Amino acid sequence: MGSFLTMQSYKRYVLVVIIFSLVGNISSSVTHYSIPEEMKEGSVVANLATDLSLDVKTLNQRKMRLDIIANKKYLDVNKETGELYIVEKIDREYICNTKSSASCYLRLEIILENPVRIFNIEVEILDTNDNAPQFRRDVIHLDISEATPKGERFSLSNAVDPDVGTNSVKTYHLSESDHFNIEVQTGRDGSKIAELILTKTLDREQQSVHNLILTAVDGGTPARSGTASVIVRVLDTNDNAPAFDQVSYNIKIMENSPIGSLVIHLNATDLDEGSNSDITYSYSLYTSEKTQETFNLNPSTGEITVKGMLNYEDFKIYNMEVIATDKGANSLSGQCTIKILVEDMNDNHPEISIKSFQSPVNENIELDTVIAVVSVSDKDSGDNGVVDLHIPDNMPFKLRESSDNYYELVVSEPLDREKVPEYDITFTVTDRGSPPLSDNETMTLELLDVNDNVPQFPLSFYTIRVMENNAPGALLSSLTAFDPDLHENQYLVYFILEKEIANTSMSMLFSINPENGNLYALKTFDYEIEKEFLFHIEARDSGSPPLSSNVTVHIIIVDQNDNAPVIVSPWRAHGSVVEEKIPRSTDKGSLVSKVIALDTDSVHNSRITYQFLQVTDATLFSLDQYNGEIRTMRMFSYRDPRHQRLVVIAKDNGDPALSATVTIKLSTMETAVKAYSDMTEVPLEYDIFSDLNLYLVIGLGSVSFLLLITILVTIVLKCQKPKPSKAAPPCRNSVISERNSTIADSTLVSNDAYWYSLFLAETRKGKLVVRQPVPKGSRYIVSSIPRGTGLTDTSDSAASTLQVRVQSTHLFILIFSRHWVTCPITLSVSFRCYGHSV
């Protein structure tokens, strides 16, 4: 509400006064209460109903209310209990913001109606120590000259405390100091004032700033305090004279020192500051004119430099006196003495003279051979005239003193032009003066080449891979050697060292360019015939005598996929269809036929997989893609056609792939046919004769009966008692065929892990039996026993294709009439294996 009445309150007050005047029942007495400030909201001050003798039950009916004059409503009355309580926390310093009086009151009026009565109440707000003393400035700055006498007083800003009485500022304290103290004074209004007293004279050079803490403490319980920083800056006076680092200096300087050379940099210091510490340098009256003409003194920096020429023979010692003066109001000065000694210097350079020098020389020059003769001299005397001669380290030469100041340069290590073709030899002569002087002379020694290096190939063994079917004259590789010699000692010629393979010279197969070592093929190679060549190439220089070296060349023929697979089982004439007969009662999983194809290529080019190209019923037969076995997937039913046509393709793994196909015509028979088990060690096949013309059988049988019987008996006897071969030990494997069959001679060659050794037993339909995988890295020739001829001779030179070998096989056909033969003939055929490393 502030300290003034609002218009509404004023009107209400006038109305109440009029009413009170009319009824004559206005109370003139005043009720006093005292409470401390900062009481909590809701705190009870007094029970007005009891103190004013009022009936609590009638307070609501009489519309009891409380008016606060000239202030906010900090208090209120509980009409239920008649208690006067705190509505808002009371701050005495806010309500009574003047310190002219120690008392602070809140004036209240209690108004009741029916009948109207007014009670005047005064609530005194008692002060509590809730405020700490505060300085008007947190930092107090004072500037005091170091010349100020002790006892001088300086006023400080006093602290203020909103509290009153004993809660206001009572005293001051100063932090510990050797130079200052305080004295507390009481003002006319009772306030406390602190004065700073200088107790000890100040010295800026010892301490230029004094930091003090002034603390104001009130008289409350507990006491509160406030602080301020007092910073005393000591003002300088010119009370210190400049001083040099040393009182006297002894300096040595070499003669012929250039003009402007620094002799000494004088440094005088003044502990004062400002203009009191600015120093100028000057010569004193005791410094001679000769010295001042020879040396210059910089008045600002104190540097003494050479002004005139120095000569040890003319003047050896210079004496001077220098004064340093500050720029204070009452200037002060200091001085020092300087003695300059001129020293003699080594000002004559030694000289070097090359009397003899031999260049060029052969690189195989003998050790201790004299290359050069050198003389040295120096015009100085004493140590300045004594000289030493040397050459760079790590060179294959050394100096040998021959006479006074004469030296010989000799070879100390073997020379090699290929490592270092020439040497720049620097002769350096140095005297023993201080500082030493030197001179040098450089000569170039050139080395002549000698044929002492053989040609060198980058590799000792070359492996060159050549794709078969190459074009004649194609470049295979460049076999270039290097000879570090020069000129004719470096010119190389290349040769192929003659070597015959199968009566063929290497020079007929390969050619090398004698000038650059380019190697060419003279013919087209076939991997299936020639797989590798091994020979040597020689590189020979043109020196005298010539030197040479050779390198081994290994030519490897790389296989191309240039041979298509050849189907060897089931065998059939070119373009014909293979006919097979199987009983309709064949079980599920029974072997129907086996397709075998061979590829004379190598590695992946010879890896063969099998697939059905055409099949009458895909649900009836399965084909193993790796071994070519055709098996039944289920049993035949009456709905299945009697004739089944299977077209099998054998494809190699080359790029592009090559393939061959075979067509098998299967006919089912109702009659039971003996089935042979499909064994692991020995695969057996059915051989069911197709019908032959009876007349043809009788005619051919009558002509060849006696001859065939003789051949059959011979084969049986040799199979039962095989003769050991001198060429190789017999193989452990054997094939037993229980069939009506003849034995055909067959020789197959393999050098790949994916081929198989073949044991061929051939019926009149051309069936082949295959067993025994060949170990990788070996070459096996498997030969069967031909009828009537014993063991067939083997040879390394096999035919290039399987068809040629099959054509060279001697076939002997034994024809049996089904009317004459009632049981099968069992033949035991043993095979011999001959192993050859690749």
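Biologist: How many salt bridges does the structure hold?

Modeller: The model is predicted, and the structure holds 20 salt bridges. One of them joins the side chains of Arg-107 and Glu-122, at 3.5 Å from N to O.

Biologist: Where do Arg-107 and Glu-122 lie?

Modeller: Arg-107 is in strand E6 (residues 105–112) and Glu-122 is in strand E7 (residues 117–126), so the pair ties together parts that are 15 residues apart in sequence.

Biologist: Is Glu-122 buried or exposed?

Modeller: Glu-122 is buried, because its relative accessible area is 16% and buried means under 20%. Arg-107 is partly exposed, with a relative accessible area of 44%.

Biologist: OK. Which residue does Arg-233 meet in a salt bridge?

Modeller: Asp-143, with 3.3 Å from N to O. That pair links distant parts of the chain: Arg-233 is in strand E16 (residues 225–235), Asp-143 is in strand E9 (residues 139–145), and they are 90 residues apart.

Biologist: And how accessible are Arg-233 and Asp-143?

Modeller: Arg-233 has a relative accessible area of 41% and is partly exposed. Asp-143 is also partly exposed, at 47% relative accessibility.

Biologist: What about Arg-634 and its salt bridge?

Modeller: The side chain of Arg-634 meets that of Asp-617, at 3.0 Å from N to O. Both residues are in loops: Arg-634 between strand E49 (629–632) and strand E50 (643–651), Asp-617 between strand E47 (609–615) and strand E48 (621–623). The pair therefore ties together parts that are 17 residues apart in sequence. Arg-634 is partly exposed, with a relative accessible area of 25%, while Asp-617 counts as buried at 17%.

Biologist: Which residues are linked in a network of salt bridges?

Modeller: Arg-204, Glu-205, Asp-236 and Glu-273 are linked in one.

Biologist: Switching topic. Which residues touch the most other members in the largest nonpolar core?

Modeller: That core has 29 residues, and Leu-48, Leu-75, Leu-84, Ile-90, Ile-110 and Val-123 touch the most other members. At least two residues of the core come from each of several elements, including strand E1 (30–36), strand E2 (44–47), helix H2 (48–51), E6 and E7.

Biologist: Which residues form a nonpolar patch on the surface?

Modeller: Phe-705, Leu-706, Ile-709, Val-713 and Leu-717 form one, with about 510 Å² of accessible area together. Leu-706 is in helix H6 (residues 694–720) and counts as exposed, at 66% relative accessibility.

Biologist: Last one. Where is Asp-378, and is it buried or exposed?

Modeller: Asp-378 is in the loop between strand E28 (370–377) and strand E29 (387–390). With a relative accessible area of 15%, Asp-378 is buried. Beyond neighbours within four places in sequence, Asp-378 is in contact with Asn-348, His-349, Pro-350, Asn-384, Gly-385, Val-387 and Asp-431.

Notes. Residues numbered from 1 in each chain as written. Predicted model: local features only at pLDDT ≥ 70, side-chain atom pairs only at ≥ 80, totals over all residues. Heavy atoms only, no water. Salt bridge = Lys/Arg side-chain N within 4 Å of Asp/Glu carboxyl O. Helix = DSSP H or I, 4+ residues; strand = E, 2+ residues; numbered from the N terminus. Buried < 20%, exposed > 50% of the residue type's maximum accessible area, 1.4 Å probe, protein only. Core = buried A, V, L, I, M, F, W, Y, C linked by side-chain atoms within 4.5 Å. Patch = residues over 30% accessible without salt bridge, like charges linked within 9 Å, V, L, I, M, F, W, Y side chains within 5 Å. Areas by Shrake-Rupley, 256 points an atom, 1.4 Å probe, with all protein chains shown as cover. Contact = heavy atoms within 4.5 Å.
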